[in-house]
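Please look over the sequence and the structure shown here before reading further.

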Amino acid sequence: MTESVTVFVNARAVHVAVGSTVLDAVRAFDPAEGDALAAGTRGVTDSRGLPAPADTVVHGGAIFRLVSARAGRSEETA
């Protein structure tokens, strides 16, 4: 049995395998949103509102919110 962790995307619990990335979690939430994130037209923030890179490995209980790609950029990269 593969171990999984529960993370939250836009307040909805999703279950992903241990070692999954933010992109994997978003794709589990909604495949179309995952495609938009991969294409750069959507961004993700963490529970503090800070940008969360799509390749970040998630941990159990992590909270993510989808935002426009512009809102998801940090000021250093804008």
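A residue is called buried when its relative accessible area is under 20%, exposed when that area is over 50%, and partly exposed in between. By this scale Arg-27, with a relative accessible area of 34%, is partly exposed. The model discussed here is a predicted one.

The chain as a whole may be described before its details. Its secondary structure consists of three helices and four strands, and from the N terminus these elements follow the order β-β-α-α-β-β-α. The chain has 78 residues, and 36% of them are buried. Its accessible surface amounts to about 4,800 Å², with 53% of that area belonging to carbon and sulfur atoms. Of the contacts between residues at least 6 apart in sequence, 41% link residues at least 24 apart.

Which charged side chains pair with one another? In one of them, Arg-27 meets Asp-35 at an N to O distance of 3.7 Å. A salt bridge requires a side-chain nitrogen of Lys or Arg within 4 Å of a carboxyl oxygen of Asp or Glu, so the 3.7 Å separation of this pair qualifies. Asp-35 has a relative accessible area of 47% and is therefore classed as partly exposed. Another salt bridge joins Glu-33 and Arg-42, with 3.0 Å from N to O. Arg-42 is likewise assigned to the partly exposed class because its relative accessible area is 25%.

The remaining pair to consider is Asp-46 and Arg-48, whose closest N and O atoms lie 2.6 Å apart in a salt bridge. The side chains of Asp-46 and Arg-48 are also joined by a polar contact of 2.6 Å. Is Asp-46 buried or exposed? At 15% relative accessibility, Asp-46 counts as buried, whereas Arg-48, at 63%, counts as exposed. Asp-46 belongs to strand E3, which covers residues 42-46. Leaving aside residues up to four places away in sequence, Asp-46 touches Ala-52, Ile-63 and Phe-64.

In soluble globular proteins, nonpolar side chains tend to be buried together.

Most residues other than glycine have a negative phi. What is phi of Asn-10 near? Phi of Asn-10 is near 50°, a positive value in a residue that is not glycine. Asn-10 sits in the loop between E1 and E2 and is partly exposed, with a relative accessible area of 28%. Ala-11 is found in the loop between E1 and E2 as well, and phi of Ala-11 is near 70°, again positive in a residue other than glycine. At 67% relative accessibility, Ala-11 counts as exposed.

Note on methods:
Residues are numbered from 1 along each chain as its sequence is written. This is a predicted model: local features need pLDDT of at least 70, side-chain atom pairs count only at pLDDT 80 or more; totals for chains, interfaces and linings use all residues. Side-chain values use heavy atoms; hydrogens and water are left out. Buried means under 20% relative accessible area, exposed over 50%, partly exposed in between (1.4 Å probe, protein chains only). Helices (H or I, at least four residues) and strands (E, at least two) are DSSP runs, numbered from the N terminus. A polar contact is a pair of N or O atoms within 3.5 Å; within protein, one must be able to donate a hydrogen and the other to accept it, and residues adjacent in sequence count only if both atoms are side-chain atoms. Contact means heavy atoms within 4.5 Å. Accessible areas come from the Shrake-Rupley method with a 1.4 Å probe; for residues, only the protein chains shown count as cover.
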